[in-house]
Amino acid sequence: MRREAARAKGGFAGYDRACRGIDLESAATRVAAGEPHVWRLKVPDDRGEIMFADAVRGDVTFPVEAVDDLVLVRTDGTATYNFAVTVDDTTMAITHVIRGDDHLSNTPKQILIYEALGEVVPVFAHLSMILGADGKRLSKRHGATSVEAYRDMGYLPEAVTNYLALLGWSLDGETTVFSRDTLSESFSLDRVSRNPAIFDDEKLEWLNGVYIREMSAGELVDRMVPLLVSAGLLTSEDAAARREWLMKLGPLVSERLKRLDELVPMVAFLFSDTVEIEESARTKVLEKEGAGRALDACRDALASLAGFDTESIEAALREVPERVGVKPKVAFQAVRVAVSGSAVSPPLFELLELLGRERSLARIDAARPFAVE
RNA sequence: GGCCCGUUCGUCUAGCGGUUAGGACACCGCCCUCUCAAGGCGGAGAUCACGGGUUCGAAUCCCGUACGGGCUACCA
């Protein structure tokens, strides 16, 4: 009430200093008598302005009047935030307080508490907040996602760390991809930027793709297996038994993934017995002139192969288009659609090897009726 | 309202008195090619928020204005 009235008048809305003059002795007796009370910091009137050298923002100055005789301990005996952090930080001998911009205005209060306590004031560094795509601050109800959510979406911790570091800090203005080791070796507060950054999902995705491509086949398979298992495409036992097979699959998908969670839809067809051909793939690919002839010829070529490895498959299929009189694209796209159900897939020849001869032929047969001579 | 902080391509940024204002994502071409990616090459995109100063010279220094943000609790 009092506060609102004061604010309406445009004046200072803080504590009215009602109890400032009570002397220590009578305060002590009243406390002893069980009177409800709080502890407030008696801000020295002669303190002058409060200045500190922020490690990222430079010198910051606040007028003392800006800080009220703030409550340190509540009526119920618990400590308030500003009191608790300073006590906690001095107790732990904290030397650098690096935190969000939203604490900048708390800093003068805390400095006063450090001084009252007779403790050394640590170095402060205030980082800007991260904003959402609309320029509004990220918060619980506004686009903010936990790191767990990013993990579940298939983002790698290394990529997220790298991206976050890039948001408000730069190594040299040129380098965008760097390891955690490089980051911890070269990070310095004086290269932290002062302005708030907008979180850019697209750049994070790109960076995540970079890290996925950099992974070794073994690492990649280790990351893939849990996803395949939880999608019901594979059991853990299968995964172990088919390790070699998975090691071949890894490199085929890694350069096509921006996020790990894109894996399952990309490879599901490899684990099923039959495949459903997408409507658009059927009309745009199978119903092209020559698709049927090409399918027949490819089927025969594959059926008569001695081995069923990528090299021999490619060698056998490469000569089909010319022989049947269609463009390579027409023939290979037809096989791709027959085998994967889609006009978009990982590379065809290695795909056929992974699928195996039996299923490859069966799918070509199943697709054949949809194809146009 | 008061007090603080911020403002360079759409986005993240380099720059710390003299640069054709550099890089990255995204975007647009071309190349590669069995699709999609990845990769390579090239392009477009910033009157450095605005207005005053200071200076031979300002994105860089100073002062205003505008806009954005934060704090203003016996919340953290």
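Of the RNA strand B atoms within 4 Å of the protein, 73% are part of sugar or phosphate, and the rest are part of bases. Keep in mind that you're looking at a predicted model. On the protein side, 58 residues surround RNA strand B, and chain A is divided into four stretches: domain 1 (38-127), domain 2 (140-212), domain 3 (215-271) and domain 4 (279-370). Here's a quick tour, starting with the RNA.

**Around the RNA**

- The closest residues to RNA strand B are Arg 74, Glu 255, Arg 256, Arg 318 and Arg 336.
- Arg 336 reaches a base: a polar atom of its side chain sits 2.3 Å from a base oxygen of RNA strand B.
- Pro 347 also meets a base oxygen of RNA strand B, but through a backbone N or O atom, at 3.4 Å.
- Arg 57 goes for another part of the RNA, with a side-chain N or O atom 2.7 Å from a sugar or linking oxygen of RNA strand B.
- Several elements give two or more residues to this surface near RNA strand B: helix 1 (2-8), strand 3 (58-62), strand 8 (197-198), helix 8 (201-214), helix 17 (328-340) and helix 18 (348-355).

- Going by C-alpha atoms, the centres of domain 1 and domain 3 are 52 Å apart.

**Salt bridges**

- Search the whole structure and you'll find 21 salt bridges.
- Asp 296 and Arg 368 form one of them, with their closest N and O atoms 2.5 Å apart. Asp 296 belongs to helix 14 (residues 291-303) and Arg 368 to the segment after helix 19 (357-367), so this pair ties together parts 72 residues apart in sequence. Asp 296 is partly exposed, at 32% relative accessibility.
- There's a network too: salt bridges with shared partners link Arg 17, Arg 20, Asp 45 and Asp 69.
- Arg 282 and Glu 279 pair up through their side chains, at 3.7 Å from N to O. Both are in helix 13 (residues 279-286), three residues apart, which is about one turn of the helix. Glu 279 is exposed, with a relative accessible area of 53%, while Arg 282 is partly exposed at 22%.
- Asp 152 and Arg 151 make another salt bridge, where the closest N and O atoms are 3.3 Å apart. Both Asp 152 and Arg 151 are exposed.

**A buried threonine**

- Thr 86 has its place in helix 3 (residues 81-91).
- Is Thr 86 buried or exposed? Thr 86 has 0% relative accessibility, so it counts as buried, the cut-off being under 20%.
- What lies 3.1 Å from a polar atom of the Thr 86 side chain? That's the backbone oxygen of Asn 82.

How values were computed: Residues are numbered from 1 along each chain as its sequence is written. Chains are lettered from A and ligands numbered from 1 in the order in which they are written. This is a predicted model: local features need pLDDT of at least 70, side-chain atom pairs count only at pLDDT 80 or more; totals for chains, interfaces and linings use all residues. Side-chain values use heavy atoms; hydrogens and water are left out. Domain bounds come from an automatic or database domain assignment. A salt bridge is a side-chain nitrogen of Lys or Arg within 4 Å of a carboxyl oxygen of Asp or Glu. Buried means under 20% relative accessible area, exposed over 50%, partly exposed in between (1.4 Å probe, protein chains only). Helices (H or I, at least four residues) and strands (E, at least two) are DSSP runs, numbered from the N terminus. A residue is near a molecule or strand if one of its heavy atoms lies within 4 Å of it. A polar contact is a pair of N or O atoms within 3.5 Å; within protein, one must be able to donate a hydrogen and the other to accept it, and residues adjacent in sequence count only if both atoms are side-chain atoms.
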